[in-house]
Amino acid sequence: MILFPAIDLKDGQCVRLKLGDMEQATVYNPDPAAQARAFEEQGFEWLHVVDLNGAFAGETVNGAAVDAILKATKNPVQLGGGIRTLEHIENWLSRGLKRVILGTVAVRDPALVIEACRKFPGRVAVGIDAKGGKVAVEGWAEASELGVVELARKFEGAGVAAIIYTDIDRDGILTGINWASTLELADAVSIPVIASGGLASMDDIRRMTEPDAQKLEGAISGRALYDGRIDPKEALDLIREARKGKL
């Protein structure tokens with residue numbers, strides 16, 4: 001069980017969006033590399049990074065910022081946003097990413113995801129972003145007709161390292177994770193699931209440690225960490241205690 005701090009990149013800065021709207025961006029740190037170092041110093045073990053501009057453009061836009069983050073932290077980093085081809089994947093993995101997150105391409109070209117998993121075992125995650133129960137693509141700008149579980153099941157047995165499931169209707173507004181739909185997805189597939197979107201307070205951290213939620217690989221936190229609603233030490237201590245209980 002892992003608590004992933006999030007760095008969302010827009011125009012080279014560390015921001016948080018509200019409901020995935022690029023016009024509702026709050027800048028939290030103009031220096032993403034410094035933010036990555038701060039998260040490592042606070043005791044976090046992983047880092048979740050999203051190239052927001054890249055998600056809309058369909059190609060890497062904040063590459064310089066990601067490279068700076070990779071140099072600044074020893075923690076493993078997962079990156080999503082604008083990664084749409086095998087060349088993109090290979091390029092990023094060769095630059096030091098632990099794993100890439102494929103979102104839009106998972107809907108548009110599932111065969112590419114399966115091929116990437118074969119070529120890069122354990123280093124490919126799938127991002128499933130849902131609005132009203134349907135999968136959204138192109139930086140959340142377009143809705144598809146695919147259901148969340150329907151898409152996830154396409155990758156059973158393919159070697160996907162994790163599914164990052166985001167409820168767009170809760171993202172960045174601190175209303176709490178959609179535990180019902182997240183756990184429903186985790187029950188429906190054997191692929192590890194990471195909860196994202198809406199993590200709001202220490203109550204969500206405590207909810208993560210309850211027995212039914214311990215099947216998750218973890219959860220991603222953005223705004224609640226930046227706003228001080230979650231105390232990093234207290235949260236990480238709770239998670240460590242829960243891990244001990246599972247051993």
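The side chains of Asp-212 and Arg-207 meet in a salt bridge, with 2.8 Å from N to O, the term being used here for a side-chain nitrogen of Lys or Arg within 4 Å of a carboxyl oxygen of Asp or Glu. This is a predicted model, in which local features need pLDDT of at least 70 and side-chain atom pairs count only at pLDDT 80 or more, whereas totals for chains, interfaces and linings use all residues. Residues are numbered from 1 along each chain as its sequence is written, and side-chain values use heavy atoms, with hydrogens and water left out.

Within that pair, Arg-207 counts as buried at 19% relative accessibility, while Asp-212 is partly exposed at 33%; buried means under 20% relative accessible area, exposed over 50%, and partly exposed in between (1.4 Å probe, protein chains only). By the salt-bridge rule the count comes to 16. Another of these joins Asp-11 to Lys-10, where the closest N and O atoms are 3.4 Å apart, and here Asp-11 is exposed, its relative accessible area being 54%.

Asp-237 pairs with Arg-240 in a salt bridge whose closest N and O atoms lie 3.3 Å apart. These two residues are three apart in helix H11 (residues 232–246), and therefore about one helical turn separates them; helices (H or I, at least four residues) and strands (E, at least two) are DSSP runs numbered from the N terminus. Asp-237 is partly exposed at 30%, and Arg-240 is likewise partly exposed, at 35%. Salt bridges with shared partners also link Asp-203, Arg-206 and Glu-234 into one network.

When neighbours within four places in sequence are left aside, Val-113 is in contact (heavy atoms within 4.5 Å) with Leu-102, Val-105, Ala-106, Val-124, Val-126, Phe-155 and Val-160.

Helix H8 (residues 179–188) has as its buried residues Trp-179, Ser-181, Thr-182, Leu-183, Leu-185 and Ala-186. The elements that cover these buried residues include helix H7 (148–153) and helix H9 (202–208), together with strand S10 (163–167) and strand S11 (193–196).
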